Amino acid sequence: MQKTTSEKVSKTAPAKNAGVERFLAVRTRTEALAAPLSAEDMCVQSMPDVSPTKWHLAHTTWFFETFILQNFDPDYKVFDETYNYLFNSYYEAVGERHPRDRRGMITRPPVAEVINYRNYVTNAVAGLVEREQNPEVMRLLELGCHHEQQHQELLLTDIKHVLYQNPLKPAYSNSPADPPVSAPKINWQSLEAGIYEIGCPGESFSFDCEGPRHKVYLEHFEIADRPVTGGEYLEFIKDNGYRNHDLWLADGWTLLGETNQTCPLYWEQGDNGWEAFTMRGMVPLNLGEPVGHLNYYEAEAFARWAGARLPTEAEHEVMAVNQGIFEPGMVWEWTASAYLPYPGFKPASGAVGEYNGKFMSGQMVLRGGSGATPKDHWRPTYRNFFYPSSQWQFSGLRLAK
């Protein structure tokens with residue numbers, strides 16, 4: 001068996017700069033997440049939305065090389081000119097790129113060469129930041145760390161989908177499965193009507209789409225104190241929820257007709273009842289855990305079946321802040337809000353301005369964080385967003401009324 005990626009990473013001198021320390025910690029965690037995987041695992045693209053692990057390792061490196069080293073280190077020599085085409089994601093200003101749905105075709109460079117690339121860029125970035133305290137470099141370094149943490153979550157989400165396609169249903173992790181849990185009864189948290197502020201206040205890092213901070217008026221509402229569980233969702237299935245067109249938005253009902261879907265992604269009916277594919281392989285469905293891997297249409301249909309609705313993103317954020325909920329949950333939670341700019345939003349200048357703003361079309365906001373979200377990356381103002389049909393993310397729901 002090949003060496004793990006973490007074993008291959010070269011040692012860097014101890015950092016003297018807090019920004020460098022964080023940068024090295026983030027880089028090391030990405031490689032640790034990839035360590036359980038073989039080179040074969042890392043090259044597979046199981047559907048267009050999924051990127052191979054090798055691509056995540058390379059793209060996050062390309063980000064630092066492109067936006068920091070090439071712009072601020074006059075002595076830096078690019079590792080390989082072809083990587084700008086292979087590992088650019090969607091930055092039009094940077095040049096042409098390999099099609100997203102064909103990233104699994106990039107069998108070369110091999111994984112070992114991508115690890116060499118990571119080492120080369122990691123050491124160059126650390127050296128540059130140690131030498132120079134350029135404020136713009138530090139800003140981009142922080143952005144790059146949060147960008148890589150986004151890809152850490154995507155790496156886990158994507159490899160789960162990859163491994164599920166294998167008929168052996170192999171586990172990513174050999175740690176024991178979580179014991180069955182019982183969810184407490186839902187308690188409804190109430191918030192009075194009034195004017196509230198949402199958006200990042202600006203004292204710490206945030207993505208540009210989280211601001212500007214602004215006022216919103218909210219009617220009186222209630223929100224559940226926990227997400228919907230697998231057991232509760234199973235009741236929806238047993239009540240023919242997937243066959244009752246009255247519960248579904250038109251696009252969701254059309255999608256059901258095209259896919260013949262009858263349960264969440266990764267759920268299967270085995271000889272001994274319902275099972276779910278997890279990072280630990282196939283396990284009995286844990287009825288007390290939050291239901292995951294729902295698309296927006298499933299979440300909306302369940303809420304309607306339950307006599308409730310999805311919260312708006314403003315309701316979710318205000319309640320999270322007021323109730324002191326500052327830790328990611330087990331699943332991202334769909335909201336009823338479209339991903340649109342806040343009043344006064346302006347994307348950043350230059351290529352990094354393509355980071356969020358140009359995706360404000362046809363997607364829905366998710367809030368709350370998941371078990372795969374790094375804790376020092378998440379905040380109550382975080383706006384995650386996916387297309388309504390997206391299912392492979394760790395996405396569930398919380399009820400409101």
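The model is predicted: local features need pLDDT of at least 70, side-chain atom pairs count only at pLDDT 80 or more, and totals for chains, interfaces and linings use all residues. Residues are numbered from 1 along each chain as its sequence is written, and side-chain values use heavy atoms, with hydrogens and water left out.

Overall fold, then. The chain has ten helices and eleven strands. These are DSSP runs, numbered from the N terminus: helices are H or I with at least four residues, strands are E with at least two. The radius of gyration is 22 Å, close to the 21 Å of the globule rule for 401 residues, so the chain is as compact as a globular protein of that length. That radius is taken over C-alpha atoms, and the rule is 2.2 Å times the number of residues to the power 0.38. Of the 401 residues, 52% are buried. Buried means under 20% relative accessible area, exposed over 50%, partly exposed in between (1.4 Å probe, protein chains only).

Now salt bridges. The whole structure holds 19. The criterion is a side-chain nitrogen of Lys or Arg within 4 Å of a carboxyl oxygen of Asp or Glu.

Take Arg118 and Glu148, paired at 3.0 Å, N to O. Arg118 sits in helix H5 (residues 111-131), Glu148 in helix H6 (residues 135-165), 30 residues apart. Arg118 is buried at 0% relative accessibility. Glu148 is buried at 0% too.

Next, Glu317 and Arg367, at 2.9 Å. This pair links helix H10 (residues 313-322) to strand S9 (residues 364-367), 50 residues apart.
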